[in-house]
Amino acid sequence: MIRQITNLSLITSFFLLISCAGEKSAPQLSEFEIEHGIGPVTEEVQISDEIDPELADRGEQVFRGLCVMCHNEVDSSIAPSMKGILDNRSPEYVMNMILNPVGMSRRHPSRTNQQESYFTSMPFQSVSLDDARAIVEYFRLADSENP
Ligand code: HEC
């Protein structure tokens, strides 16, 4: 009897989950948000052609401290690799993902479509705007050294 009740509540919560997922209303995003992500970065970031090694070094330290535990050299079921990320995503998008991963996962169409593929979702780790910018510089340097 108890087992039946447990099963029933499991099934009910399953359907509840599905119906909640279906109820998400289509978010109204600006053109900037669709291309560059949703978050605190709302304007294009100035990036010069020359890579700033000091900034990249700072970015690497932050990345090794906070990100590498999930983001490895290769894609995994924990998280995608960051190799070549800037070929697919703009610097502003990458920064918004770092600074607002929860909002991005909930509302950005590029994320809501792929959510199921990973064990975890990306947490916000109190990274500052300047450190997010430094991480972008580190990605630029890493890709230029190892394309
Ligand atoms: C607990 C694991 C975890 C940590 C820590 C983490 N991430 Fe992620 N990250 C993910 C997962 C999972 C995804 C993909 C799924 C998603 O949308 O949430 C992701 C996605 C991303 C993306 C988008 C990739 C793409 O192809 O669009 C970027 C950029 C990113 N992470 C950068 C970072 C940076 C930089 C840090 C460190 C400040 C970091 N992540 C820390 C798990 C993590």
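This is a predicted model: local features need pLDDT of at least 70, side-chain atom pairs count only at pLDDT 80 or more; totals for chains, interfaces and linings use all residues.
**View 1. The crossing of helix 3 and helix 8.** The axes of helix 3, which covers residues 53–66, and helix 8, which covers residues 129–145, come within 7 Å and cross at roughly 105°.

**View 2. The chain as a whole.** The chain contains eight helices and zero strands, so that, read along the sequence, its pattern is α-α-α-α-α-α-α-α. Buried residues account for 22% of the 147 residues in the chain. When contacts between residues at least 6 apart in sequence are considered, 78% of them join residues at least 24 apart.

**View 3. Helix 5 and its surroundings.** Nine of the nine residues of helix 5, residues 91–99, are buried, and this helix is therefore largely enclosed by the rest of the structure. The buried residues are Pro91, Glu92, Tyr93, Val94, Met95, Asn96, Met97, Ile98 and Leu99, and they pack against helix 2 (31–36), helix 4 (85–88), helix 6 (101–107) and helix 8.

**View 4. The largest nonpolar core.** In soluble globular proteins, nonpolar side chains tend to be buried together. The largest nonpolar core here has 18 residues, of which Val94, Met95, Ile98 and Ile135 touch the most other members. Helix 3, helix 5 and helix 8 are the elements that give two or more residues to this core. Leaving aside its neighbours within four places in sequence, Val94 is in contact with Ile85, Leu86, Arg89, Val136 and Phe139.

**View 5. The shell around the ligand.** There are 24 residues around the ligand, and those that come nearest are Cys67, Cys70, Ala79, Tyr118 and Met122. Helix 3, helix 5 and helix 6 are the elements that give two or more residues to this shell, and the largest share, three residues, comes from helix 5.

**View 6. His36, a buried residue of helix 2.** His36 lies in helix 2 and counts as buried because it has 22 C-beta neighbours inside 10 Å, where 20 or more are required. Although His36 and Pro91 are 55 residues apart along the chain, their C-alpha atoms are separated by 7.8 Å. If its neighbours within four places in sequence are left aside, His36 is in contact with Val41, Ser90, Glu92, Tyr93 and Asn96.

**View 7. Ser126, an exposed loop residue.** Ser126 is found in the loop between helix 7 (109–112) and helix 8. This residue has 8 C-beta neighbours inside 10 Å and therefore counts as exposed, the limit being 12 or fewer. Most residues other than glycine have a negative phi. The phi of Ser126, however, is near 55°, a positive value in a residue other than glycine.

How values were computed
Residues are numbered from 1 along each chain as its sequence is written. Axes are lines fitted to C-alpha atoms, for helices over the stretch in contact, and angles run from 0 to 180 degrees between N-to-C directions. Helices (H or I, at least four residues) and strands (E, at least two) are DSSP runs, numbered from the N terminus. Two residues are in contact if their C-beta atoms, placed from the backbone, lie within 7 Å. A residue is near a molecule or strand if its C-beta atom, placed from the backbone, lies within 6 Å of it. A nonpolar core is a set of buried Ala, Val, Leu, Ile, Met, Phe, Trp, Tyr and Cys residues joined through C-beta atoms within 7 Å.
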